[in-house]
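Reader: Here is a structure I would like to understand. Can we go through the terms one by one?

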Amino acid sequence: MGNRKSFLLYANSSHQFERLCNKSLWPLTICSCNYIVDIPSKVPTSYSLIATGIPAQWDLTDFELDVKKQYPSIVKVERMLVRGGTPIAKVRIDFSSNEDVQKILKHKRLLLDDENTSFPVQQYYPPFKILRCYNCQQYNDHVAANCPRKDTPICFRCGQNHPYNPNCSNKICCANCKEEHLAGNPSCRVKIAERNKGKSNLITSNGYKSYPTKAAFTAWTTTTNLMFTSDCQPSTTAMAPTSLENSNSSSSIEISKKLDLILNKIDYLTGEHDNLKTNFINVNQQLRSCQETINLLKIFLSEQICPLIVEVGEGIM
Ligand SMILES: [Zn+2]
Ligand SMILES: [Zn+2]
Ligand SMILES: [Zn+2]
């Protein structure tokens, strides 16, 4: 296998991507050579969406079976977690068809197979990652291979100029904020500022691009101008913005950005409202079961304990 050649293929459209991922469409041999197709383990973010209002205590195995009956192109259902690994009432659902994702997002609901139960959905945005140059420790600017300070590396431990040494015993000092932690520490204020900058960029750009009628155009461009390291990230910006956007004046773009932000907020609030509703239903159920226990206790008291007390009382007299 010494001269094995591998090719990385980039798809130009979601249609092409889906065809490339369908192993049954590939020929048996290429130029009479045997070959192997490795399908990406992660789907592009435009093939995922978030369903909300799915109680954190639900077992997703049954849920997955139920939604798959309704949407056969679902490949994976995964519970969303917050910091510390706590499950929340949201799940990420990966599809093999971008068309299905767009359809569901357009209807804003995900149906269960009984067609009566539905859950609000949201577009999926990947978490914002902060890159750090391992040579000079700078955030979100370049990778070590392109570092402009190649000859003056900065230590990730002490923040001083010396080549990489994982055992450096100088006093720990962050190269970015000069505080007492290693470069890249999550509490580094320079890193936090970078993260916030990234988040606000993400909200503005996605807020604009996620407008339902344009969703299809942005399927491959949602994150291309940001530094994500996801290995399935298409490296080409195949679909340029529509001419409509170019011809619009900047003020109308501003207005539509604002409108999209409002729409996103409304979506978010609807999701939160549904979460609250589910929580109320749960609390109600718990109250009801408490009430039942109390009733049982009452019956037990009046039918068992009271006659016993009377009997004991009579015995004493
Ligand atoms: Zn650097
Ligand atoms: Zn050092
Ligand atoms: Zn720091």
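Reader: What makes I255, L259, I262, L263 and I266 a nonpolar patch?
Author: A patch takes residues with over 30% relative accessible area and no salt bridge, and nonpolar side chains (Val, Leu, Ile, Met, Phe, Trp, Tyr) are joined within 5 Å. A salt bridge would be a side-chain nitrogen of Lys or Arg within 4 Å of a carboxyl oxygen of Asp or Glu. These five form such a patch on the surface, with about 450 Å² of accessible area together. Areas come from the Shrake-Rupley method with a 1.4 Å probe, and for residues only the protein chains shown count as cover.

Reader: Why is I255 called exposed?
Author: Buried means under 20% relative accessible area, exposed over 50%, partly exposed in between (1.4 Å probe, protein chains only). I255 has 52%, so I255 is exposed. I255 lies in helix 6.

Reader: How do you know what helix 6 lies across?
Author: Contact means heavy atoms within 4.5 Å. Helix 6 (residues 250-316) lies across strand 1 (48-52), strand 3, strand 4 and strand 5. Helices (H or I, at least four residues) and strands (E, at least two) are DSSP runs, numbered from the N terminus.

Reader: What makes strand 2 and strand 3 a pair?
Author: Pairing needs at least two bridges found by DSSP. Seven bridges join strand 2 to strand 3 (residues 86-95), so they pair. E78 stands opposite R92 in strand 3.

Reader: Why do strand 2 and strand 4 count as edges?
Author: The open sheet has the order 2-3-1-5-4, with antiparallel pairing. Strand 2 (74-82) and strand 4 (109-111) each have a single partner strand, so one side of each is left without a neighbour in the sheet.

Reader: What should I know about the source?
Author: This is a predicted model: local features need pLDDT of at least 70, side-chain atom pairs count only at pLDDT 80 or more, and totals for chains, interfaces and linings use all residues. Residues are numbered from 1 along each chain as its sequence is written, chains are lettered from A and ligands numbered from 1 in the order written, and side-chain values use heavy atoms, without hydrogens and water.

Definitions and conventions:
Axes fitted to C-alpha atoms, helices over the stretch in contact; angles between N-to-C directions. Patch = residues over 30% accessible without salt bridge, like charges linked within 9 Å, V, L, I, M, F, W, Y side chains within 5 Å.
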